[in-house]
Amino acid sequence: MPQTFGKKQKLKSKKLIAQVFTEGKAVTKFPVKLLYIPVETLDNHQATFAVPKKNFKSAVDRNRIKRQLREAYRLQKEQLITGSTIKFALLFLYLGKDKPNYAHLEKSVDILIKKILK
């Protein structure tokens with residue numbers, strides 16, 4: 001299976017994102033928090049990534065962290081696809097106050113995906 005993060009796998013629906021924030025369950029492995037809800041109508045798992053402007057004023061820094069989170073998810077999503085028949089809407093939220101190390105982010109995303117599969 002290709003390890004891509006295509007258009008159909010991106011969570012863009014404002015209604016669904018709001019639903020994830022209000023009704024979603026959360027798991028945390030610092031510095032990343034994962035909010036998720038199971039959705040029967042989805043064909044694929046859908047994910048989105050957020051970094052608060054309050055912690056990172058510079059858009060360059062926020063975008064870099066989001067790129068790193070997307071890459072970590074892209075490499076780890078295979079476990080999610082093979083481990084679950086339920087499709088999820090996922091929102092990865094970066095909680096840290098300083099710029100992350102990519103290896104630390106990748107490890108956190110891996111642990112979070114394993115947590116929601118249990």
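This is a predicted model: local features need pLDDT of at least 70, side-chain atom pairs count only at pLDDT 80 or more; totals for chains, interfaces and linings use all residues.

Reader: Thanks! How do strand 1 and strand 2 pair?

Author: They are antiparallel, with five bridges between strand 1 (residues 25-29) and strand 2. Strands here are DSSP runs of E with at least two residues, helices are runs of H or I with at least four, and both are numbered from the N terminus. Two strands pair if DSSP finds at least two bridges between them. Another bridge links Lys25 to Tyr36 in strand 2, and a hairpin of two residues connects strand 1 to strand 2.

Reader: And what joins strand 2 to strand 4?

Author: Seven bridges, again antiparallel, with strand 4 covering residues 88-94. One example is Ile37, whose bridge partner in strand 4 is Ala89.

Reader: In what order do the four strands sit in the sheet?

Author: The order is 1-2-4-3, in an open sheet with mixed pairing. Strand 1 and strand 3 (46-50) are at the edges with a single partner strand each, so one side of each has no neighbour in the sheet. From one strand to the next, the twist averages 20°; angles run from 0 to 180 degrees between N-to-C directions, using lines fitted to C-alpha atoms, for helices over the stretch in contact.

Reader: Which strands does helix 1 touch?

Author: Helix 1 (residues 14-23) packs on the sheet and touches strand 1, strand 2, strand 3 and strand 4, at about 105° to strand 2. Contact means heavy atoms within 4.5 Å. Helix 3 (residues 102-117) lies across strand 1, strand 2 and strand 4, at about 145° to strand 1.

Reader: New topic: is Thr48 buried or exposed?

Author: Thr48 counts as buried because its relative accessibility is 17%. Buried means under 20% relative accessible area, exposed over 50%, and partly exposed in between (1.4 Å probe, protein chains only). Thr48 belongs to strand 3.

How values were computed:
Residues are numbered from 1 along each chain as its sequence is written. Side-chain values use heavy atoms; hydrogens and water are left out.
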